[in-house]
Every structure is written in C-alpha cells, then in structure tokens.
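Here are my notes for your read-through. Have the structure open while you go down the points.

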Amino acid sequence: MMTRRLLQLFTGLAMYGISLAMFIRAGLGLDPWDVFHQGLANRTGLSIGGVVIIVSFLVLLLWIPLRQWPGFGTLCNAVLVGVFADVGLALIPAVSQIAGQFALLGGAIVLNGIASACYIGARFGPGARDGLMTGLARRTGWSVRLSRTLIEVCVLAIGWLLGGSVGVGTVAYALAIGPLVHVLLPRFMVPVSPPKTAGEATAVIAPEHCA
C-alpha cells in the first residue's frame, strides 16, 4: 500500500507540473495561481518552475498563523511541481495554430485533473495552496468555496496586473477542473488500511468519519 501511495504521489506531481507546461504552451490562459506565477516570472526573470517553488514555500509560511501543518506530500508538492513544469517547458514546443492550441489546452485540463486526483488520493497531505484555503476556512468559519474564491480572485488579479496570461483557458479550467476531479478522485483514492484491533478501529475510522 505504501509503495502504491508513493508512486501515485510522485506520478501525480510530475503530471501536474507537465500539465502546467502544457497550459503555458497552449497560450490560451492559465488557472488563477499560475497566472500569478507567470506574472512573477515575467517580472523577475526566474523560470516559472522556480517561481512556483518559491511561492509554495512562502504560502507555507502563511500556514503558521492558521495552525496548519504540512505533510510529506505537501513538501514534495512544493518542490516537484515546479521542477516538472520547467522540464515540461523544455520538452514541449510552442504551438501557433489555433487547433493545436485548443488540443493542448484540453489535454492540459484532463492531465491536471488526473494529476490532482492522484496526489490527493495518495493521502500524503494537501498542496500548499489548498492547505491555505482549508486553513483559512477553518480559522474564519467561512466556507471552503468562499475562501477559495477570495484567494483565487486576489492572485488572479495580481497575476494579471503583473502580465500573467488570462484567457479562455482560465475560464475552461475553472469550469472543468472541479467536476473532473470529482469523477476521478474515487478511482485514485487509496483506501485506509483496515485496523487490526478494536483500539486501532477507533483511531483509524473515527477521524476519517469525522472528516
């Protein structure tokens, strides 16, 4: 089970980074956080993968007042998505024809949905940005939906002002990624190991039930 979880985690993070490179090469707009990352990359001269890594660790600092603690998967996410985004940009050529751009965009959305289901289903902890969303919701009493909307509107606006790419891909991602992950996540969710004793049953099942 642990082998499966690790393989699923690392495969998911690799695919997530590659999907980011596909979004960029499609040239039709990015998701809100990556609009922000691209805007910072344009202004600083850093690679977008480098910016993703730096922003991930800065966001983790915001977890401290929210009393949110990273898991193993959180730290892997903070590093590997950026690494594989730069690898993907080195391997995937830019596309100029509109049909190719839309094909690349569609592939990026699907791959991103699979990647998200993989790393979430591995149960090693949320990504830095997801943890910020859930931590803010828990500390303020706001809904997760409201917390996510406020955060993503802010980073989208800042990213756009910095020169990040906003377009049809931004809208397509926003509309498609939720339903896509909803369908895929049950197929990739690693089941909790059955407890060996009654005491373990309380320790393992009760928190899962409460979640």
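1. The chain has 9 helices and 0 strands, where helices (H or I, at least four residues) and strands (E, at least two) are DSSP runs numbered from the N terminus. Keep in mind that this is a predicted model, where local features need pLDDT of at least 70, side-chain atom pairs count only at pLDDT 80 or more, and totals for chains, interfaces and linings use all residues. Residues are numbered from 1 along each chain as its sequence is written, and side-chain values use heavy atoms, with hydrogens and water left out.

2. How does the overall size look? For 211 residues, a compact globule would have a radius of gyration near 17 Å, and the chain's 18 Å agrees with that (taken over C-alpha atoms; the rule is 2.2 Å times the number of residues to the power 0.38). Along the principal axes, the C-alpha atoms fill a box of roughly 60 × 35 × 30 Å.

3. Now the inside: 42% of the 211 residues count as buried, meaning under 20% relative accessible area with a 1.4 Å probe, protein chains only.

4. Which residues have the most contacts inside the largest nonpolar core? They are Leu9, Phe23, Trp33, Val59 and Leu132, in a core of 51 residues. Such a core is a set of buried Ala, Val, Leu, Ile, Met, Phe, Trp, Tyr and Cys residues joined through side-chain atoms within 4.5 Å. Helix 1 gives the most to this core, with 10 residues.

5. Take a look at Leu9: leaving out residues up to four places away in sequence, Leu9 touches Phe72, Gly73, Cys76, Tyr119, Ala122 and Phe124 (contact means heavy atoms within 4.5 Å).

Note on methods. Buried means under 20% relative accessible area, exposed over 50%, partly exposed in between (1.4 Å probe, protein chains only).
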